[in-house]
Amino acid sequence: MKRINLALQGGGAHGAFTWGVIDRLLEEEDIEIAGISGTSAGALNGAALKAGLVADGKGKDRAAAKANLDWLWHQIAGVQDLRLTHWFAPFAPPSEVYSAVLENSPLFAMADMASRVVSPYAYGPFYSNPLERIVERFAYDRVCAETGPALFVSATNVRSGKIRVFEGTEISTQSILASGCLPSIFQAVEIHDERTGQVEAFWDGGYTGNPALFPLFRTDLPADVLVVNINPLFRPDVPTSGGDIQNRINEISFNSSLLRELRAIHFVHRLVAENRVEGMRDVLVHMIADDDFMRDLSVATKIVPSPVILTRLKAAGRAAADGFLAAHKPDLNERGSVDLQEMFG
């Protein structure tokens, strides 16, 4: 049995890519998911995955985990059945066309402008978080269970600017909503934090940990950390239009914390290799991504969950996981498959 940890990035509706990755990984009976760290959409995917796995009381119910993730993304898509969309998707316009049309639509332009100049607090009693109706339906007795994979959910403390990692019984509707709280769209989520004894306000965890890797370094968890990356690390062209510039700023912002942690891991690797430090654990890093596909999308497709794009994202995630398993499954529990030297050397 190969034991791994999953590190699940946030990125709005693009988290459907992670849905596809997990859906494929669950079909590998000899791979056990021991730990999950998730931010924003990654936190939703992680909670749905764990709640499904522990449905049998043992943390091994892969069918229930698949079904739970399907339920989650059908809820986000706002449809009861994505099978028709799955049939239609190959005949729909290319993803980059979908993204451009959506990004340039008057409705999206007005909503985007409103989010830049109107505070979410201006809505008064009419404010609501559209994700709450979904997140509150998670089975928290399973999400917080001691059985199954360890689950960590990250948010950003508004006042201190520091990351806050929720785990165990700390995970709730509010902490998951906090993990995905974009401050230009949602009001800060307030939670009574037992660690500080105060009511703290939280924003999206992507600003400080997208996802946080350090909770997965516990000695009772495996050394392998598989990052599911949904924000392109590299774009060959310099953006020049207003929309493209904003899109790249968003990607860089939500990759920066991950890159900092990967650089720290690379530094530790060098110290261990040079015999300059003893007693430090060597983390084995893996990554599943499809930057080519993600570069066709934009902030607009992150915010607006088009059923066609969600269907394509799931298919892309499954295909990317398939490619990773074909190339690197033997590496699991043996060696890292991400060349950190090439990335940071």
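Visitor: Which helix holds the place of Ile309?
Guide: This is a predicted model. The helix in question covers residues 307–328. Ile309 therefore has its place in helix α13.

Visitor: Is Ile309 buried or exposed?
Guide: The cut-off for buried is under 20% relative accessible area. Ile309 has 2% relative accessibility, so Ile309 counts as buried.

Visitor: What separates the C-alpha atoms of Ile309 and Phe17?
Guide: Along the chain, Ile309 and Phe17 are 292 residues apart.

Visitor: How many residues of α2 are buried?
Guide: Helix α2 runs over residues 41–53 and has 13 residues. From its first C-alpha to its last it reaches 18 Å, close to the 18 Å expected at 1.5 Å a residue. The rest of the structure largely encloses α2, because the buried count is 13 of the 13 residues.

Visitor: Are α1 and α3 roughly parallel or roughly antiparallel?
Guide: Helix α1 spans residues 16–25 and helix α3 residues 62–77. They pack with their axes 10 Å apart, at an angle of about 165°. Angles over 145 degrees count as roughly antiparallel. So α1 is to α3 roughly antiparallel.

Visitor: What is the handedness of the crossing of α1 and α3, and how do the contact residues divide?
Guide: The crossing of α1 and α3 is left-handed. From α1, the contact takes Ala16, Trp19, Ile22, Asp23 and Leu25. From α3, it takes Arg62, Lys66, Leu69, Asp70 and Trp73. The residues of this contact divide into 6 nonpolar, no polar and 4 charged.

Conventions. Residues are numbered from 1 along each chain as its sequence is written. This is a predicted model: local features need pLDDT of at least 70, side-chain atom pairs count only at pLDDT 80 or more; totals for chains, interfaces and linings use all residues. Side-chain values use heavy atoms; hydrogens and water are left out. Helices (H or I, at least four residues) and strands (E, at least two) are DSSP runs, numbered from the N terminus. The expected span of a helix is 1.5 Å times one less than its number of residues. Buried means under 20% relative accessible area, exposed over 50%, partly exposed in between (1.4 Å probe, protein chains only). Axes are lines fitted to C-alpha atoms, for helices over the stretch in contact, and angles run from 0 to 180 degrees between N-to-C directions. Angles under 35 degrees count as roughly parallel, over 145 as roughly antiparallel, 65 to 115 as roughly perpendicular and the rest as oblique. A crossing is left-handed if the near helix is turned anticlockwise from the far one by less than a right angle, and right-handed if clockwise. Contact means heavy atoms within 4.5 Å. Ala, Val, Leu, Ile, Met, Phe, Trp, Tyr, Cys and Pro count as nonpolar, Asp, Glu, Lys and Arg as charged, and the others, Gly among them, as polar.
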